[in-house]
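Q: I am new to this structure and would like a guided look at it. Could we go through it step by step?

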Amino acid sequence: MKRLSIPLAAIPLAAISLAVLPSVSEAAGFYVEGFAGLTLLDDYELDDPTGTIIGAEIENKVGGNIGAALGVAIPLGGVDLRLEGEIAYRANEPDEINTNLGGIDVDGDPDGESKTTALSGMANGHIDLWVLPQLAVTAGAGIGYARVETIVTSDFGGVLGLGNIRFVDEDDETDTALAYQLMAGLRYNIGANAAISAGYRYFATDDLEYDINGQDGALTYDSEYATHNFNVGLAYRF
């Protein structure tokens, strides 16, 4: 009868694996989460770099957002550390354009095609402080990139023969910028593997560049994309 040969080095390695793997699986759990909510986009302040031709403030309507995340939750004794990757989409429509044309204030109503959208990919970190067995207070932050597309068009009622003016991303395309967010809220476990959440997110980017009528370099404006988001979410741990 043949004897099974096992290298001596494999014995301690197997013992370590058997000891470590259960503790890792008990300590950390992967989860998926979906969320949606309302997005309030701050007014755009577009200042004419020459200071003589045109400046504008674009006011925005309440919009919406939707997103999903994949992450891992690591219990640390009354506190959970969650690390995740997130994809989200936000959309708002402009409400009114207030302009200053060489010292003359002119207001315009955006047309039906005007909108601002942002598609973002973020790496987030959260701390969940369990104040009750099922309820946690959460706080977190994230960093990543966002592709922001803005098209805001108005004819200003034909004032001063302006015709149609479009404030758009530089080169009439989407603008990609570094993005960051700060988050706070509540998380409540429902059952062994699911949780619901409600919270606030401040999401913003570095300054974006805008042109008039897509004329690159003619008049270029800098303005931050900054939003206030109120979300509800559902997570499943597996």
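A: A definition comes first: helices (H or I, at least four residues) and strands (E, at least two) are DSSP runs, numbered from the N terminus. The protein chain has one helix and 13 strands. This is a predicted model, in which local features need pLDDT of at least 70 and side-chain atom pairs count only at pLDDT 80 or more, while totals for chains, interfaces and linings use all residues. Residues are numbered from 1 along each chain as its sequence is written, and side-chain values use heavy atoms, with hydrogens and water left out.

Q: In what order do the elements of the protein chain run from the N terminus on?
A: The order is α-β-β-β-β-β-β-β-β-β-β-β-β-β.

Q: And what percentage of the residues count as buried?
A: The protein chain has 238 residues, and 37% of them count as buried. Buried means under 20% relative accessible area, exposed means over 50%, and partly exposed lies in between (1.4 Å probe, protein chains only).

Q: Let us turn to charges. How many salt bridges are there?
A: The count comes to five salt bridges. The rule requires a side-chain nitrogen of Lys or Arg within 4 Å of a carboxyl oxygen of Asp or Glu.

Q: Which residue meets Glu33 in a salt bridge?
A: The partner is Arg187, with an N to O distance of 3.1 Å. Glu33 lies in strand S1 (residues 29-41) and Arg187 in strand S11 (residues 175-190), so this pair ties together parts that are 154 residues apart in sequence.

Q: Is Glu33 buried or exposed?
A: Glu33 counts as buried because its relative accessibility is 10%. Arg187 is buried as well, at 7% relative accessible area.

Q: What about Glu93, which residue does it pair with?
A: Glu93 forms a salt bridge with Lys61, and their closest N and O atoms are 3.9 Å apart. Glu93 is in the loop between S5 and strand S6 (94-101), and Lys61 is in the loop between strand S3 (54-60) and strand S4 (63-75), so the pair links parts that are 32 residues apart in sequence. Glu93 is partly exposed, with a relative accessible area of 43%, and Lys61 is also partly exposed, at 39%.

Q: And where does Glu86 come in?
A: The side chain of Glu86 meets that of Arg201 in a salt bridge of 2.5 Å, N to O. Glu86 belongs to strand S5 and Arg201 to strand S12, so the pair ties together parts 115 residues apart in sequence. Glu86 counts as buried at 2% relative accessibility, and Arg201 counts as buried at 11%.

Q: Where is Arg82 placed?
A: Arg82 is in strand S5, which covers residues 79-92. Arg82 is buried, since its relative accessible area is 4%. A polar contact of 3.2 Å also joins its side chain to that of Tyr31. Such a contact is a pair of N or O atoms within 3.5 Å; within protein, one must be able to donate a hydrogen and the other to accept it, and residues adjacent in sequence count only if both atoms are side-chain atoms.

Q: Changing topic, which residues make the nonpolar surface patch?
A: Phe30, Val32, Leu70, Tyr236 and Phe238 make this patch of about 540 Å². Patches are made of residues with over 30% relative accessible area and no salt bridge: like charges are joined within 9 Å, and nonpolar side chains (Val, Leu, Ile, Met, Phe, Trp, Tyr) within 5 Å. Accessible areas come from the Shrake-Rupley method with a 1.4 Å probe, and for residues only the protein chains shown count as cover.

Q: Where does Phe238 lie?
A: Phe238 lies in the segment after S13. Phe238 counts as exposed because its relative accessibility is 54%.

Q: Which residues form the negative patch?
A: Asp42, Asp43, Glu45, Asp206, Asp207, Asp222 and Glu224 form the negative surface patch. Lys and Arg count as positive and Asp and Glu as negative, while His and the chain ends are not counted. The place of a charge is taken as NZ of Lys, CZ of Arg, CG of Asp or CD of Glu.

Q: Which strands each supply at least two residues of the negative patch?
A: They are strand S12 (194-212) and strand S13 (220-237). Glu224 is in strand S13, and it is partly exposed, with a relative accessible area of 32%.
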